[in-house]
Amino acid sequence: MATRRADRPTMTAEARFTSPGFLLSHLGRTAHAWIAEALEPLGLIPREAGALLVLREHGELSQQRLGELLDMDPNYLVFVVKKLEDEGLVVRTRDLRDRRRRLITITPAGRERRDAADAAVAEVEERLMRGLTKADTARLRALLMTVDANTGGRAATGDALS
């Protein structure tokens with residue numbers, strides 16, 4: 001096992017992250033881990049919380065449209081929706097106009113769980129943004145939205161909102 005020599009200086013964050021891309025990647029992994037940890041007591045993983053968010057904001061959606069909005073692989077989406085359905089957080093029904101389509105609707109219990117998730121994520125965001133003013137945070141969000149637009153708004157791994 002390799003050990004760190006006491007006389008070897010540690011690199012500062014400024015030295016390690018001269019590239020904004022690497023810094024964004026590092027911060028993304030850290031934020032994801034903290035959010036996952038905050039959601040764990042609620043019995044949710046980030047992708048499930050994302051599905052509840054989209055359903056709360058958009059109302060009833062076809063399973064296909066939900067997958068598109070989440071940028072999630074259809075096979076994984078089935079797993080996510082099944083878990084949420086088993087917990088009574090969403091209801092899946094057949095579309096009466098097209099029996100091949102499945103419609104997904106958030107339940108009152110799903111809304112409550114998503115509200116709890118919002119509170120948990122807000123605490124994480126407060127921790128992440130410590131030392132920034134409201135104006136700084138708003139500017140950071142605007143800058144990140146520009147970067148997101150440069151990616152076409154799609155996660156490379158299909159894990160958007162996860």
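The charged end of Arg47 sits over the ring of Tyr76, 4.4 Å from the ring's centre. For that label, NZ of Lys or CZ of Arg has to be within 6 Å of the ring centre and within 35 degrees of the ring normal. Arg127 does the like with Trp34, lying over its face at 3.5 Å from the ring centre.

Before going on, a word on what you're looking at. This is a predicted model, where local features need pLDDT of at least 70, side-chain atom pairs count only at pLDDT 80 or more, and totals for chains, interfaces and linings use all residues. Residues are numbered from 1 along each chain as its sequence is written, and side-chain values use heavy atoms, with hydrogens and water left out.

**Back to Tyr76**

Why are Tyr76 and Phe79 separated by about one helical turn? Because they are three residues apart in helix 5, which covers residues 74-86. Tyr76 is partly exposed, since its relative accessibility is 24%, and Phe79 is partly exposed too, at 48%.

**The overall layout**

The protein chain has seven helices and three strands. Helices (H or I, at least four residues) and strands (E, at least two) are DSSP runs, numbered from the N terminus. Read from the N terminus on, the elements go α-α-α-β-α-α-β-β-α-α. Of the 162 residues in the protein chain, 25% are buried.

**The inside**

Which residues touch the most other members of the largest nonpolar core? They are Leu44, Leu52, Leu55, Leu66, Leu70, Leu84 and Val90, out of 21 residues in that core. Helix 3 (46-58), helix 4 (63-70), helix 5, strand 3 (102-106) and helix 6 (108-128) each give two or more residues to this core. Helix 3 gives the most, with five residues. A core of this kind is a set of buried Ala, Val, Leu, Ile, Met, Phe, Trp, Tyr and Cys residues joined through side-chain atoms within 4.5 Å.

Ile104 lies in strand 3 and counts as buried because its relative accessibility is 0%. The C-alpha atoms of Ile104 and Gly59 are 8.5 Å apart, although 45 residues separate the two along the chain. Leu89, in the loop between helix 5 and strand 2 (90-94), is buried with a relative accessible area of 1%. Leu89 is 24 residues from Arg113 in sequence, yet 7.8 Å away in space, C-alpha to C-alpha. Asp71 sits in the loop between helix 4 and helix 5. Its phi is near 55°, a positive value in a residue other than glycine. With 10% relative accessibility, Asp71 is buried.

**Charged pairs**

How many salt bridges does the structure hold? There are 13, each with a side-chain nitrogen of Lys or Arg within 4 Å of a carboxyl oxygen of Asp or Glu. Here are some of them.

| Salt bridge | Closest N to O |
|---|---|
| Glu57 and Arg56 | 3.2 Å |
| Glu87 and Lys83 | 3.4 Å |

Glu57 is exposed at 54% relative accessibility, and Arg100 is exposed at 72%. Glu87 is partly exposed, with a relative accessible area of 34%, and Lys83 is partly exposed at 23%. Salt bridges with shared partners link Arg56, Glu57, Arg114, Asp115 and Asp118 into one network.

**A greasy spot outside**

Leu24, Leu144 and Val147 form a nonpolar patch on the surface, with about 220 Å² of accessible area together. Patches take residues with over 30% relative accessible area and no salt bridge, joining like charges within 9 Å and nonpolar side chains (Val, Leu, Ile, Met, Phe, Trp, Tyr) within 5 Å. The areas come from the Shrake-Rupley method with a 1.4 Å probe, and for residues only the protein chains shown count as cover. Leu24 belongs to helix 2 (residues 20-39) and is partly exposed, because its relative accessibility is 39%.

Technical notes
Buried < 20%, exposed > 50% of the residue type's maximum accessible area, 1.4 Å probe, protein only.
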